[in-house]
Amino acid sequence: MPELRGASQNAFLTLPRAAEYLGISPNTLYVWRHRRQGPPSFRMGRRVMYRITALDEWVCDQERADSRSNLALDPLNRKPQRRSKAVK
């Protein structure tokens with residue numbers, strides 16, 4: 001049974017440890033949770049917990065949504081659009 005306990009402890013992080021894992025302050029992560037932004041979290045008893053796999057997936061989603069990381073979203077890769085004529 002101790003092996004299972006060790007594995008489950010490694011699968012979840014508390015809010016302060018999740019913030020450290022992401023390289024942000026615990027306060028930022030707390031505010032994101034309050035605003036329902038940021039990575040998915042849940043309560044386990046009184047503690048706010050984060051799955052490591054969910055944190056990694058959330059970071060990947062952030063990278064895909066950023067035009068600097070995702071060339072498909074880069075506005076410099078798009079054709080120039082013509083302006084419509086101004087209505088007088």
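Predicted model: local features only at pLDDT ≥ 70, side-chain atom pairs only at ≥ 80, totals over all residues.

Trainee: Where is Thr 14 found, and which residues is it in contact with, leaving aside its neighbours within four places in sequence?

Mentor: Thr 14 is found in strand 1. Leaving aside neighbours within four places in sequence, Thr 14 is in contact with Arg 47, Val 48, Met 49 and Tyr 50.

Trainee: Let me step back. How many helices and strands does the protein have?

Mentor: The protein has four helices and three strands. From the N terminus on, these elements run α-β-α-α-β-β-α.

Trainee: And what percentage of the residues count as buried?

Mentor: Of the 88 residues of the protein, 17% count as buried. The accessible surface comes to about 8000 Å², and 51% of it belongs to carbon and sulfur atoms.

Trainee: Which residues make up the largest nonpolar core?

Mentor: That core has eight residues: Leu 13, Leu 15, Ala 18, Ala 19, Leu 29, Val 48, Tyr 50 and Leu 55. Helix 2 and strand 3 are the elements that give two or more residues to this core. Helix 2 gives the most, with three residues.

Trainee: What is Leu 29 in contact with, beyond its neighbours within four places in sequence?

Mentor: With those neighbours left aside, Leu 29 is in contact with Leu 15, Ala 18, Ala 19, Leu 22, Ile 24, Pro 39 and Tyr 50.

Trainee: Now to the rings. How many aromatic pairs does a search of the whole structure find?

Mentor: The search finds two aromatic pairs. Phe 12 and Phe 42 form an edge-to-face pair, with 5.8 Å centre to centre and 80° between the planes. Phe 12 lies in strand 1 (residues 12–14) and Phe 42 in strand 2 (residues 42–44), so this pair ties together parts that are 30 residues apart in sequence.

Trainee: Are those two residues buried or exposed?

Mentor: Phe 12 counts as buried at 17% relative accessibility, whereas Phe 42 counts as partly exposed at 28%. In the other pair, Trp 32 and Trp 58 are tilted, with 5.5 Å centre to centre and 50° between the planes.

Trainee: Which elements hold Trp 32 and Trp 58?

Mentor: Trp 32 lies in helix 3 (residues 26–34) and Trp 58 in helix 4 (residues 52–65), so the pair ties together parts that are 26 residues apart in sequence. Trp 32 is partly exposed, with a relative accessible area of 24%. Trp 58 counts as buried at 17% relative accessibility.

Trainee: Which residues of helix 4 are buried, and why do they line one face of the helix?

Mentor: Ala 54, Leu 55 and Trp 58 are buried in helix 4. Seen down the helix axis, the buried residues fall within an arc of 100°, so they line one face. In general, an α-helix has 3.6 residues a turn, so residues three or four places apart point the same way.

Trainee: What is on the face turned away from the buried side of helix 4?

Mentor: That face carries the exposed residues Thr 53 and Glu 57. The buried residues of helix 4, for their part, pack against strand 1, helix 2 (15–22), helix 3 and strand 3 (47–51).

Key. Residues numbered from 1 in each chain as written. Heavy atoms only, no water. Phe/Tyr/Trp six-rings, centres within 6.5 Å; stacked < 30°, edge-to-face > 60°. Buried < 20%, exposed > 50% of the residue type's maximum accessible area, 1.4 Å probe, protein only. Arc of directions from axis to C-beta. Contact = heavy atoms within 4.5 Å. Core = buried A, V, L, I, M, F, W, Y, C linked by side-chain atoms within 4.5 Å. Areas by Shrake-Rupley, 256 points an atom, 1.4 Å probe, with all protein chains shown as cover.
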